[in-house]
Amino acid sequence: MWRDLTWQNFWRDERFLRVFGQVVFVVVVLVVGRFLYVNMYTALEQRSLLPDFGFLNTVAGFDIGEVPSFIDYSGASPNKMAFLVGLVNTLRVSALGIVFATIVGVIVGTARVLPNPLARGLATAYVEFLRNVPLLVLLVFWYRGVFIVLPRLAETPLVWGRQDLPDGKFRAWLILSNRGMSMAWPVGTESWPAYRLWLWLAVLAAVAVYVGLTWYARRTGRAPLTLVWAVAAFFAVAALGFLVVQATTGQAPLRWAVPQVKKRLVAGGLKLSPEFLALLSGLVIYTGAYIAEVVRAGLQAVSKGQIEAARALGLTTFQTLRFVVFPQALRVIVPPLTSQYLNLTKNSTLAVAIGYPDLFNVAGTIFNQTGRSIEVIVIIMGVYLSFSLITSAFMNWYNRKIRLVER
Amino acid sequence: MTRKFWLILALLAVVALALAACGGSGGEQAAATQAPAEAATEEAAGPATGYGSTLAAVKERGYLICGVNSKVPGFGFLNEEGKYEGFDIDFCRAVAAAIFGDPEKVEYRPLSAKERFTALQTGEIDVLIRNTTWTLTRDTEVGGNFVHTTFYDGQGFIVRKDSGIETLQDLDGTAICVQTGTTTEANLRDVLDANGIDAEVVVFDDVEAGWAAYEEGRCDAYTTDKSGLVARRTMLKNPDEHMIMDVTVSKEPLGPMVRHGDDQWFDIVQWVVFATFYAEEAGVTSQNVDQVRETATNPRVRSLLGLEGDLGKKLGLDNDWAYNVIKYVGNYEEIYNRNLGPDTPTYIPRGLNSLYTEGGLLYAPPFR
């Protein structure tokens, strides 16, 4: 292809220029990258601050407000445990955030295309308002304007299912105050280990039902609600196991841990701090608005003719949605939805503004106590990068699964 | 088509550059409220390291860059008129007076607890005077050197008067708010552990958010250095409803911090601090310094004021460096009373921060 290239005017040859441009680009990137690296390295070397990850094993020496119950963390734990606590806190808020934001987004997004003007108007107002307010402002609003101005625990907390105790104190199924929300939560009793086997059985049953129904659907051409039946199978076996364990050991495998006011704090049950609630609310409401737009775009991308054709074939409304609208809408929805999930995870770093101990917040403290800024930043970047890559790998897999199969 | 595209791209680039330029100068002005405007253009590319490099860079630049707090009344606070004031600020002014003979030649960089060490390490600031506790780690790994302590402090707790919390043990079963990136955070854990206290610790990055949470009752107590408690108490809605508990749980020597690697700069900041101590000891004030300079006979006072010897030259400064500090900023007592004295809302009894002659810890080596 280069045969007719001459030395006289090769710089005007488009084929040459194309390659030349790329070479120049690579060289510029390498030079800039090397400059940045050398600059950092020499500067750090001068101050004898060269990267050293030994601090991960030294004692952290600070407390963290929210430690997941399955992690044994105290101030005497090493820094890597503190990182782990932050990591789990981030995962917790991100995972819940993604689930709730999707629910909010689907409801609002669907409402945006409904014929009902009230529903559509409300949904539009919601989206337009929330997309145009910075997330940080929302978080501070939820924290300072909602959760910490709830009635004080010592005065008149909002309670549900109050039970007075003989010593003048009380417990309740749900206690909501400016110290957060505590609610009754099942905890395992002594017969729990026996019950755990039943739960595995229930999972197996669910998988069996799922596989069986998929096979049945493929063979007969019918379309049973596979996932619904699988979940039902799980709960059926789990409930059966509960009764069997209770009958054989004389003790229910689970009991309710009911929150109770202890001095100035609430003990027992599932405790959600105001910081967590504010962060979760902010992320859900904000990302929900974006997801609503993604959902709306997906629904509107399905041409009207498809729906009319489905109706003409005698499909019910539900069947039209399930077999015609959603499969096509999903193909449009999933790629931008992935971005929203990634955004939500990354936006959770704003937790630092309202004191929720997520990874970024805890890492900030570690960096302060140890002075190891570069190392801490590298760890933070690595963690969020892995989160994002894992999320997007999963979503890409799902996207491939639902895309149009051309034969 | 393509030509139009490139034209638009070029236009966009020009607009972006113009905006960046506006933003840049605006930002400089905002940051350099009290610095000479013309000097705000040159920024050192990297941190000055090595003997004498910091002073040279500061002189070349024409003003000092001081890392400060802007949120603690009495120590470092941005007041309603947009001016910085406070105990720490006065030491920034003293260093500027020693170098330039003009206490106004300072640019203040308000820093959070978390940002401060990075700012010092990278050379963004020349000196950090921001209620920073002297610890071994900070003196070594963090890459800084602490000069002599200017304020001996200790960590305490503020609680609501009607909460009935009086002793450390009463903190069991409470929620305590604390700011991140501080020695306070680590001290708190030590205290709680040592006394077997079970409390919920809520950590805030932003000092404002932490105090707001305390004020709304999210926490039963807020803990930080007592000086900080005294100062912030004045900013609460009803200061009288709150009290500072009568316990001190740590040693918090607060003082200026400089970068590793420039001993001359360390000496300058160190001796500016000593000059304020010694001036108080010798009874030299900003009011009488001119008169003392005329009449002084004590050889130590004479060399302090640059009448004898060449102490200034040894620091790389003019011989009237200490005179300028006293003349324009004052001695330690004046600095203290101006910001933390009985006539201020942030009154803190001098306690350990008295001269050694009065039972305190302030003791300056001889000026010879």
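I107(A) counts as partly exposed because 16 C-beta neighbours lie inside 10 Å; with C-beta atoms placed from the backbone, a residue is buried at 20 or more other C-beta atoms within 10 Å of its own, exposed at 12 or fewer, and partly exposed in between. The model is predicted: local features need pLDDT of at least 70, side-chain atom pairs count only at pLDDT 80 or more, and totals for chains, interfaces and linings use all residues. Residues are numbered from 1 along each chain as its sequence is written, while chains are lettered from A and ligands numbered from 1 in the order in which they are written.

I107(A) sits in helix α2 (residues 79–111) of chain A. Helices (H or I, at least four residues) and strands (E, at least two) are DSSP runs, numbered from the N terminus. The C-alpha atom of I107(A) is 9.8 Å from that of I291(A), 184 residues apart along the chain.

Chain B has 14 helices and 15 strands. Of its 368 residues, 50% count as buried. Chain B is divided into domain 1 (27–152 + 253–356) and domain 2 (155–250), with bounds from an automatic or database domain assignment. Their C-alpha centres lie 30 Å apart. Domain 1 of chain B gives 14 residues to the contact and domain 2 of chain B gives 16; two residues are in contact if their C-beta atoms, placed from the backbone, lie within 7 Å.

Between the chains, 36 residues of chain B are in contact with 32 residues of chain A. On the chain B side, α4 (116–121), α6 (183–194), β11 (200–204) and α7 (207–215) each give two or more residues.
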